[in-house]
Amino acid sequence: VYRVFYDRLIDTEDRETFFNIVSAACKDQLKSSMDKVLSHLSKTGKVVDDDVRSLFFGDYGFPDAVPKVYDEVPDMDQLTSLMEHYLEEYNTMSKTPMSLVMFKFAIEHISRVSRVLKQDNGHALLIGIGGSGRQSATKMATFMADYDLFQIEITKNYGFNEWREDIKRLMLKSGAEGKQTVFLFSDNQIKQESFLEDINMILNTADVPNLYASDEMAEIIEKMQTAARLEGRKVDATPIAMYNYFIDRVKANLHVVLAMSPIGGAFRERLRMFPSL
């Protein structure tokens with residue numbers, strides 16, 4: 001319940017109200033008090049809203065575990081050390097190392113993004129001013145999940161044709177190759193509003209109309225026939241069935257993370273124009 005509703009709340013008063021609603025429901029329906037259920041989170045024995053912030057669940061508790069188990073991480077000190085370990089590993093392997101301080105607020109956001117990415121069709125909209133850590137949290141969560149990170153590189157001459165080529169590569173990576181891929185896109189990369197129209201379509205249907213030429217489509221069909229054989233999937237050999245299989249794989253493997261700033265009217269306008277965002 002906290003993950004579905006509470007994570008979306010931004011106002012302290014709303015969070016307090018939500019905590020009281022959950023406390024009452026816990027007492028009335030489950031016949032147990034929050035103080036008893038979450039006693040390990042409070043030093044005084046009286047659980048308040050701020051204590052629930054220390055309730056962390058994720059599958060990152062044991063980095064080398066196979067399969068990874070989604071469970072509570074009860075020790076905050078242990079969790080901080082764990083995040084610092086992941087950061088150290090990331091910096092060892094990355095061409096652009098990050099210098100982050102793993103305080104509680106940062107860990108909360110990394111944990112949330114990590115949980116979203118682990119879901120099929122799991123996408124995230126991160127709202128905050130530049131430099132608030134939206135991209136850093138996404139990069140960390142992607143690394144922790146062992147997913148591929150995909151970002152476009154904006155240049156002076158980057159236009160609609162270059163964008164469409166990048167989208168093709170992105171969808172082939174997640175659909176044809178079957179790789180779990182995170183597409184990190186920020187509002188300062190929006191050179192044309194048509195970029196958002198394509199993202200809106202990907203979020204809505206996992207497809208962009210008229211994206212592929214006929215020879216590219218034939219190549220996708222061929223790759224999907226091979227993938228179906230390797231997975232032992234019984235899919236009709238018709239082009240339509242194979243393309244639908246491709247789209248299903250994109251839905252399962254592609255995760256779009258949008259990093260946007262709430263400053264100015266552009267953000268509200270874009271949400272109105274592209275409701276899937």
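Throughout these legends, Ala, Val, Leu, Ile, Met, Phe, Trp, Tyr, Cys and Pro count as nonpolar, Asp, Glu, Lys and Arg as charged, and the others, Gly among them, as polar. The model shown is predicted, so to speak of local features we ask for pLDDT of at least 70 and count side-chain atom pairs only at pLDDT 80 or more, while totals for chains, interfaces and linings use all residues. Residues are numbered from 1 along each chain as its sequence is written, and side-chain values use heavy atoms, with hydrogens and water left out.

View 1. A pocket is found on a 1 Å grid over the protein atoms alone, as an open set of points with protein on both sides within 12 Å along at least five of seven lines; a cavity is a set of points where a 1.4 Å probe fits but cannot get out, and lining residues have an atom within 4 Å of a point. Grid points are joined across faces, edges and corners, and a volume is the space filled by probe spheres set on the points. Two or more residues each come from α3 (49-52), α5 (104-117), β3 and α6; here helices (H or I, at least four residues) and strands (E, at least two) are DSSP runs, numbered from the N terminus. Helix α5 supplies the largest share of this lining, nine residues. By class, 18 of the lining residues are nonpolar, nine polar and twelve charged.

**View 2. The second largest pocket.** About 330 Å³ of space lies in this one. Look for Val1, Tyr2, Val22, Met34 and Leu55, which lie nearest its centre among 13 lining residues. Helices α1 (12-29) and α2 (34-37) are the elements that give two or more residues to the lining, and α1 gives the most, with four. The lining of the second largest pocket has eleven nonpolar residues, one polar and one charged.

View 3. The largest cavity contains about 120 Å³ of space; 13 residues line it, and the closest to its centre are Arg3, Arg53, Leu55, Glu108 and Arg112. Helices α3 and α5 each give two or more residues to that lining, with the largest share, four residues, coming from α5. Six nonpolar, one polar and six charged residues make up the lining of the largest cavity. The second largest cavity has about 30 Å³ of space and is lined by Asn121, His123, Ile202, Ala206, Val250, Lys251 and Leu254. Of these, four are nonpolar, two polar and one charged.

**View 4. The open sheet.** Four strands line up in the order β3-β6-β5-β4, with parallel pairing; two strands pair if DSSP finds at least two bridges between them. β3 (124-127) and β4 (148-150) stand at the edges with a single partner strand each, so one side of each has no neighbour in the sheet. On average, neighbouring strands are turned by 20° against each other, direction ignored. Zooming in, strand β5 (residues 181-186) and strand β6 (residues 254-260) run parallel and are joined by six bridges; valine 182 has histidine 255 of β6 as its bridge partner. Helix α10 (residues 239-253) lies across β5 and β6, at about 50° to β6.

**View 5. Where helices α4 and α6 cross.** The axes of α4 (residues 76-93) and α6 (residues 134-145) come within 10 Å and cross at roughly 90°. Axes are lines fitted to C-alpha atoms, for helices over the stretch in contact, and angles run from 0 to 180 degrees between N-to-C directions. The two helices α4 and α6 are therefore roughly perpendicular, a label for angles of 65 to 115 degrees (under 35 is roughly parallel, over 145 roughly antiparallel, and the rest oblique). From α4, the contact (heavy atoms within 4.5 Å) is made by Met83, Tyr86, Leu87, Glu89, Tyr90 and Met93, and from α6 by Lys139, Met140, Phe143 and Met144. Eight of the contact residues are nonpolar, none polar and two charged.
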